[in-house]
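Colleague: I would like to go through the labels attached to this structure and ask what stands behind each of them. Please show it first.

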Amino acid sequence: MQNYADNMRDFVEKHATGLAVALVAGVSALALRRWMSGGVCRSRVRLDGKTVLITGANCGIGKETALDMANRGAKVIMACRDMTKARIAADEIRQQSGNGNVVVKKLDLASLQSVRDLAKEIQENEERLDILINNAGIMFCPKWETEDGFEMQFGVNHLGHFLLTNTLLDLLKKSTPSRIVNVSSTAHEKGRIHFEDINLDKDYDPYTSYRQSKLANVLFSRELASRLKDTGVTVYSLHPGVIRTELGRHLFPTLAMWKRIVAAAVMTFVKSPWEGAQTTLHCAIDESLANSSGLYYSDCAPKEPAPQALDDAAAKRLWDLSASMVGLA
Ligand SMILES: NC(=O)c1ccc[n+]([C@@H]2O[C@H](COP(=O)([O-])OP(=O)(O)OC[C@H]3O[C@@H](n4cnc5c(N)ncnc54)[C@H](OP(=O)(O)O)[C@@H]3O)[C@@H](O)[C@H]2O)c1
């Protein structure tokens, strides 16, 4: 025993600097991980008898959000484009939550017809819609077009959700108090709306396009909240954090190998999908937000968005442009 203690003391004395560096690095890594994990939705509210529709719920943040809603007793409608993936995810959610009232519906946000079809089915078959979560998203894809000829990221992230929300508004108004949650991103901060070339035909850049679409999410929320004032339907937009999901699927294959290795290392520190779903849940259910509308949130707290996201004239102009693009004008 004495020998062991002597050996340990020798070892610590010889490697004091290395051990100190390792300790500081370990504590810093833990502190960084803790800081990255962000806020937690503390609401214990039950959602029995309520209906929630979540777009893009077969993986990532959407799936975690669906699981939480199912745990709270809601009827959960998972609106997804890949029915095979969606059915597998729904089975897992039903099993984990013990809630059999989890259904899958087809929704391809890159097709206005698909959006109209889903909205029609919901209007005809659902008695109520208490929470609409516009979560689905595509990031940094090449210059692709939606079925209707719109630039893909703007078309899916903004226009599809714009049409879906507007066509479900009557049901949401019938189910008040009801909420609409738009999942945006901190990427909106570097965005601008290219009114003169909304599909970025002249100079496509995947980053510019994603930022534009995420700014559109915040501006849409702001204008929608103002139009829904005093109706009992409230609106929220948010940045969920940086999360380990499949969102980077179009980016990673384009990166050099060393960048992929660095990215994989960084990914170990970012939020898990459960952590990433917390701000969405906070906006969708937290009782303290019942009378707030039109604000932007991050880490389960209100946050001032970028100045261009507070531009009411741009929000109105975007609304009019979007309405004419999706045939609602
Ligand atoms: N992850 C992050 O770090 C991060 C940061 C900021 C903001 N966000 C936002 O968070 C939201 C959720 O993203 P995530 O991180 O959970 O990514 P994800 O794991 O890639 O999930 C995205 C979901 O959107 C669906 N989707 C994509 N295109 C669609 C379309 N045309 N029609 C219907 N659904 C479609 C996907 O379906 P498929 O599986 O069939 O493709 C998937 O279910 C997005 O709006 C994203 O912009 C994420």
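Colleague: Why is Leu200 called partly exposed?

Modeller: A residue is buried if 20 or more other C-beta atoms lie within 10 Å of its own, exposed if 12 or fewer, and partly exposed in between, with C-beta atoms placed from the backbone. Leu200 has 17 C-beta neighbours inside 10 Å, so it counts as partly exposed. This is a predicted model, in which local features need pLDDT of at least 70, side-chain atom pairs count only at pLDDT 80 or more, and totals for chains, interfaces and linings use all residues. Residues are numbered from 1 along each chain as its sequence is written.

Colleague: What makes the phi of Leu200 worth a remark?

Modeller: Most residues other than glycine have a negative phi, and most peptide bonds are trans. Leu200 is not a glycine, yet its phi is positive, about 55°. Leu200 sits in the loop between S5 and helix H7 (residues 206-227); helices (H or I, at least four residues) and strands (E, at least two) are DSSP runs, numbered from the N terminus.

Colleague: Is Cys300 buried or exposed?

Modeller: Cys300 has 20 other C-beta atoms within 10 Å and is therefore buried. Its phi is also positive, near 60°, in a residue other than glycine. Cys300 lies in the loop between strand S7 (295-298) and strand S8 (301-302).

Colleague: Which peptide bond is cis?

Modeller: The bond from Thr176 to Pro177, with omega near 0°. Pro177 is in the loop between H6 and strand S5 (178-183).

Colleague: Why does Cys59 count as partly exposed?

Modeller: Cys59 counts as partly exposed because it has 18 C-beta neighbours inside 10 Å. Cys59 belongs to the loop between strand S1 (51-55) and H3.

Colleague: How do you know what Cys59 touches?

Modeller: Two residues are in contact if their C-beta atoms, placed from the backbone, lie within 7 Å. Leaving aside neighbours within four places in sequence, Cys59 is in contact with Lys85, Ala89, Thr245 and Glu246. Cys59 and Thr245 are 186 residues apart along the chain, but their C-alpha atoms are separated by 7.7 Å.

Colleague: Which residues are closest to the ligand?

Modeller: Gly56, Gly60, Ala136, Gly137 and Thr245 are the closest of the 30 residues that surround the ligand; a residue is near a molecule if its C-beta atom, placed from the backbone, lies within 6 Å of it. Helix H3 (residues 60-71) supplies the largest share of this shell, 3 residues.

Colleague: How do the shell residues divide?

Modeller: Into 15 nonpolar, 10 polar and 5 charged. Ala, Val, Leu, Ile, Met, Phe, Trp, Tyr, Cys and Pro count as nonpolar, Asp, Glu, Lys and Arg as charged, and the others, Gly among them, as polar.

Colleague: What makes the largest nonpolar core a core?

Modeller: A nonpolar core is a set of buried Ala, Val, Leu, Ile, Met, Phe, Trp, Tyr and Cys residues joined through C-beta atoms within 7 Å. The largest has 83 residues, of which Val52, Val76 and Met78 touch the most other members. Helix H6 (residues 152-174) gives the most to this core, 11 residues.
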